[in-house]
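Please consult the sequence and the structure shown here alongside the text.

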Amino acid sequence: MAVRNLILKGVFIAGISGALPLQAADTPKSSANIEDLPIDPGGTPATTQQSAQPKAPIENGEMIMVPRALWEKLLRDVEELKAKNGAPSTAPPTVPPTTVPPLETETSKTGSQPSSTGSRNYLLLPDISLVLQGKGLLSSDKRDDERNKVQLSEAELSIQGYVYPGVKADAFIVGAPGEDEPFGLEEGYLTFLNLGKGVNLNVGKKFAPFGRTGELHPHSWQYPRQLLPIRNMVAEEALVGQGVNLHYVLPTKGKLFARASLGIFNGEGTEAQVNVTDPTDPFFGGVPSGSGAGFYDRFYNARLWLGHPIGKNGELDGGFSLAQGLSAIDDDTGATSQGRVQLYGADLTYRRYMNNNKRLLLRGEYFKYKPSGGLLTANSNGYYGLANYRFTRFDDVGLLYEKSDFPQVPGQRENAASLIYTRQLTEQFYLRAMGTHGRRGGQSYNELRLQFTAGLGPHTHNVE
């Protein structure tokens, strides 16, 4: 009886394979998916559309659908029958299904490795993004060379992807057309994920993690220019150098997040300048004096970042930062002084998420600049406070207060109060305006800054 049934099944399949366009169902991406098909009482995977045995007579030319596993099994049975009868084989070669491992997701802010260790992202094309920034400035301060101009201030091309499982490459090529700066490599580094439990390593040219926003690019800020205490005492954009940076997510209990970072970098060269022709004027060539710490050789960086949820919809995070290294200060006569600079920072941030896409952000940060070794600078301090409220999914408004000493102009300082409005047209395109009233070097000023930022691509780098 079993042989008779097998012969009848073979004749049935052979008949319809010659007269009907029998076809397998779409091959799943993973052979494991075949096991997900519902099983009938007889143990055979059932079809998703209809049973393998048609309930109605099949008309000539009608197409039926069966799972590939069942189709190949029936073909093998037919070939076995033909082999017993001495007939030549006509079955097409079967191709084993390819197992595709799941794609690896982006590393979370904790720095831990994604759960998928068998990523094949390194076999795919890299993520490519382009970010354009345009800025305009209206100012009553005639010493500012950028006043009354609207220009394309920056273009950034980012190329990112996995070059090996657990090894990610990031490159950011940036130019400033409005300032006639050619395109150059702003950041280019490899990230080795999960070298140990909670351990990641950056190797290459990278923004050092100093301060709450030290690793962010300008288009990810909540404001159109760098904050005054950071610009005057740390760097115009960020502390950047070539070296290694180690991140370690500390094993903590409960919901506390803690990450420690330690880096060794070679500085990019002299950055800080001082105007000795007129010591009372904190501007040098139209740019505020004190454009950073001026690290030109090896410098060290450390940061501790802590975070904890507050209730169901709030979170509180804070951090402590340290950087020190050799510094060089140029003045407008061509003389250079050298020494060491130590930078300290402390920050605290509170976020609360509410209904209807509303969000409240409160942040405060303090910086201290301490020179030694004969530098033409003085101990300096600075801080800022930021409150930002998103009242719709597209609109947010912010209040910003800043105060900063000028390290290269002892006794001079700057303070400013600003109102900021941002319209987020899409996830990659926003418009922003910031009105400021401030006092710099004993002289008051008013200014209006305009900014637009438009991006193309996945934008996988750090965002606020």
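## Aromatic pairs

Rings of Phe, Tyr and Trp (its six-membered ring) pair if their centres lie within 6.5 Å; planes under 30 degrees apart count as stacked, over 60 as edge-to-face and the rest as tilted. The structure contains 6 aromatic pairs. One of them joins tryptophan 221 and tyrosine 223, whose ring centres are 5.9 Å apart with planes at 35°, so this pair is tilted. Another joins phenylalanine 295 and phenylalanine 299; their centres are 4.9 Å apart and their planes at 10°, so the pair is stacked. Ring pairs also link Phe265, Phe295 and Phe299 into a cluster.

Burial is judged by relative accessible area: buried means under 20%, exposed over 50%, and partly exposed in between (1.4 Å probe, protein chains only). Tryptophan 221 and tyrosine 223 are both buried, and phenylalanine 295 and phenylalanine 299 are buried as well.

## Basis of the model

This is a predicted model, in which local features need pLDDT of at least 70 and side-chain atom pairs count only at pLDDT 80 or more, while totals for chains, interfaces and linings use all residues. Residues are numbered from 1 along each chain as its sequence is written, and side-chain values use heavy atoms, with hydrogens and water left out.

## Overall architecture

The protein has 3 helices and 21 strands; helices (H or I, at least four residues) and strands (E, at least two) are DSSP runs, numbered from the N terminus. Of its 464 residues, 41% are buried. Contact means heavy atoms within 4.5 Å. Among contacts between residues at least 6 apart in sequence, 57% join residues at least 24 apart.

## Charges over rings

A charge sits over a ring if NZ of Lys or CZ of Arg is within 6 Å of the ring centre and within 35 degrees of the ring normal. The charged end of lysine 206 lies over the ring of tyrosine 189, 5.4 Å from its centre. Likewise, the charged end of arginine 440 is placed over the ring of tyrosine 445, 4.3 Å from its centre.

A nonpolar core is a set of buried Ala, Val, Leu, Ile, Met, Phe, Trp, Tyr and Cys residues joined through side-chain atoms within 4.5 Å. The largest such core has 27 residues, of which Val234, Leu239, Phe295 and Leu343 touch the most other members. At least two core residues come from each of α3 (228–233), β13 (295–310), β14 (314–331), β15 (336–353), β16 (359–372) and β17 (380–390). Leaving out residues up to four places away in sequence, valine 234 touches Phe210, Pro229, Leu239, Gly292, Ala293, Leu343 and Phe367.

## Individual residues

Serine 153 is located in strand β4 (residues 149–164) and counts as buried at 16% relative accessibility. Beyond its neighbours within four places in sequence, serine 153 is in contact with Gln133, Gly134, Lys135, Gly175, Ala176 and Pro177.

Most residues other than glycine have a negative phi. Asparagine 194, although not a glycine, has a positive phi of about 55°. Asparagine 194 lies in strand β6 (residues 181–196) and is partly exposed, with a relative accessible area of 37%. Asparagine 356 also has a positive phi, near 60°. Asparagine 356 belongs to the loop between β15 and β16 and counts as exposed at 63% relative accessibility.
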